[in-house]
Amino acid sequence: MAKKDQTQFVCQSCGAITSKWVGKCESCNEWNTLTEEAGSGSLPKGVSGGKGGKSISFVGLKGKSAAPPRLQTGIKELDRVCGGGLVAGSAILVGGDPGIGKSTLLLQACGGMAAGSKCLYITGEEAVDQVRLRASRLGLENAPVELAAATNVRDIAATLDTKGAADLVVIDSIQTMYTDAIDSAPGTVTQVRTCSHELIRIAKKRGFTLFLVGHVTKEGTLAGPRVLEHMVDTVLYFEGERGHHFRILRAVKNRFGATDEIGVFEMANEGLAEVPNPSALFLAERRGNVSGSCVFAGLEGTRPMLVEIQALVAPSSLGTARRAVVGWDSGRLAMIAAVLESRCGLALGGHDIYLNVAGGLRVSEPAADAAVAAALVSSFRDSPVSPGAVVFGEIGLSGEIRAVSQMDQRLREAAKLGFTEAWMPKNAGRRKQAMDTQGVAIDSLGHIQALVGKFSS
Ligand code: TYD
Ligand code: MG
């Protein structure tokens, strides 16, 4: 074990500790992530080998525990992403790019709840006046939110560790917090880990909900410690494309609800507005009857969502054809192009392919395969997809179109938005029950050739 005052090197990416500096972290293989930190306080002290400890007691698995009480923020999208409200005593990490709207969202949540619960907003990034300015822009200047600018966790802990200190606490952001028990700079792994640990412990003890704001690095992970994601109960990412006004709140971990759940917001002049019907928003600017455009009936978490997939296939002027993708996986696009080429004889090889998910949404479902294929073929043959059709289905390497989950839910959403046709897989699989088609005409496609056959050559 390292001596008390020895310095150590901590990887800012994974938190691994080494005694010597090396260029590449041996644990996570990241380069240049090791920084020097003082050893005292951060190493486990006094692990006694069982001496002086008390024996712990065990219980059975069966027992009565009531469902955890949940606080409603009044922002329905946020409540839903959290699994139906905020659980008392839980810690929620909100990550996202700078300027995406994390502070705005949490200030709005505080403002909405402050009338019925005690909400504290602790900012380490902005001055009190800046937060007040934002509050007045959001029309929340009269909400009884208690605001403080502080960064010392010792002070914050002393304030919060009293009975009834708060129902909801926002720490904006965890990277600006520090504890003087440790010698390293705010934002380093040791600081972030120690501060979060202390705050989460108090949240559990006193039963308030704790929001931690976390920054995201260029690579899209939470800056510094991944360890933070393990410590909290819920991890939410707030995402959005620059230049697009809507924002997506995505649950990537949730001990009290479903992951992959998303909430959609629109950033307006007076703050974030909820978008109860995202499909209508994503399809708002769609121009019917153009080739290369196809509506995908997707599913984000439990929520069906229609998005437009656009493709442009054009003869390449370069030696190697270009493949550019926005909002979808480029490897998956290469696969679909290869399947179209080898199973349907489409000569895509000498063509540049551009694919875009309109509106800046990121689609990760394999169910989008068929919609991507339809958009590609439509552009290649310059023949529009019929304007009333939605498309979904997973494509296998031999060209078969496979069933995907929740097909009836996708159809319901399509019917709601006035679509009349669905190009979809056969209703195969374990549940061969009759599907409620909602008045949408079903066109079952077994193979990608049937899909290609829908476009005139
Ligand atoms: P902010 O919440 O400060 O982002 P974060 O905390 O994630 O860094 O949001 C800042 C951006 O949001 C800024 O570019 C201005 C914009 N904005 C609006 O468009 N309307 C508003 O009502 C507010 C408060 C911010
Ligand atoms: Mg902020």
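## Where domain 2 meets domain 3

Two residue pairs are in polar contact between domain 2 and domain 3, both at pLDDT 80 or more. A polar contact is a pair of N or O atoms within 3.5 Å; within protein, one must be able to donate a hydrogen and the other to accept it, and residues adjacent in sequence count only if both atoms are side-chain atoms. On the side of domain 2 that touches domain 3, the elements giving two or more residues are helix H1 (76-81), strand S12 (246-254) and strand S13 (262-268). Helices (H or I, at least four residues) and strands (E, at least two) are DSSP runs, numbered from the N terminus. S13 gives the largest share of that side, four residues. By class, this side of domain 2 has six nonpolar, three polar and seven charged residues. Here Ala, Val, Leu, Ile, Met, Phe, Trp, Tyr, Cys and Pro count as nonpolar, Asp, Glu, Lys and Arg as charged, and the others, Gly among them, as polar.

In contact terms (heavy atoms within 4.5 Å), 16 residues of domain 2 touch 11 residues of domain 3. The size of an interface is often given as the accessible area lost when the parts come together. Domain 2 and domain 3 bury about 1,100 Å² between them, with 58% of it on carbon and sulfur atoms. That area is the accessible area (1.4 Å probe) that two parts lose on being put together, summed over both.

## The model and its domains

This is a predicted model: local features need pLDDT of at least 70, side-chain atom pairs count only at pLDDT 80 or more, and totals for chains, interfaces and linings use all residues. Residues are numbered from 1 along each chain as its sequence is written, chains are lettered from A and ligands numbered from 1 in the order in which they are written, and side-chain values use heavy atoms, with hydrogens and water left out.

The protein chain is assigned domain 1 (7-38), domain 2 (76-276) and domain 3 (281-452). These bounds come from an automatic or database domain assignment. The centres of domain 2 and domain 3, taken over C-alpha atoms, are 37 Å apart.

## Salt bridges

The structure holds 19 salt bridges. Each is a side-chain nitrogen of Lys or Arg within 4 Å of a carboxyl oxygen of Asp or Glu. Two of them cross the interface of domain 2 and domain 3. Arg250 and Glu300 form a salt bridge, with their closest N and O atoms 3.2 Å apart.

Asp129 and Arg132 also meet in a salt bridge (3.9 Å, N to O). They are three residues apart in helix H3 (residues 128-137), so about one helical turn separates them.

## Around ligand 1

Ligand 1 is surrounded by 16 residues; the closest are Gly99, Ser103, Thr104, Ala268 and Gly271. A residue counts if one of its heavy atoms lies within 4 Å of the ligand.

A polar side-chain atom of Ser103 lies 2.6 Å from an oxygen atom of ligand 1. Ile100 has a backbone N or O atom 3.4 Å from an oxygen atom of the ligand. For Arg137, a polar side-chain atom lies 3.2 Å from a nitrogen atom of ligand 1.

Ser316 lies in the loop between strand S16 (303-315) and strand S17 (323-326). Its side chain makes a polar contact with the side chain of Asp352 (3.0 Å). Leaving aside neighbours within four places in sequence, Ser316 is in contact with Ala321, Gly350, His351 and Asp352.

Ser173 lies in the loop between strand S9 (168-172) and helix H5 (189-206). A cis peptide bond joins Asp172 to Ser173, with omega about 0 degrees. Asn29 sits in the loop between strand S2 (17-18) and strand S3 (34-38). Asn29 is not a glycine, yet has a positive phi of about 65 degrees.
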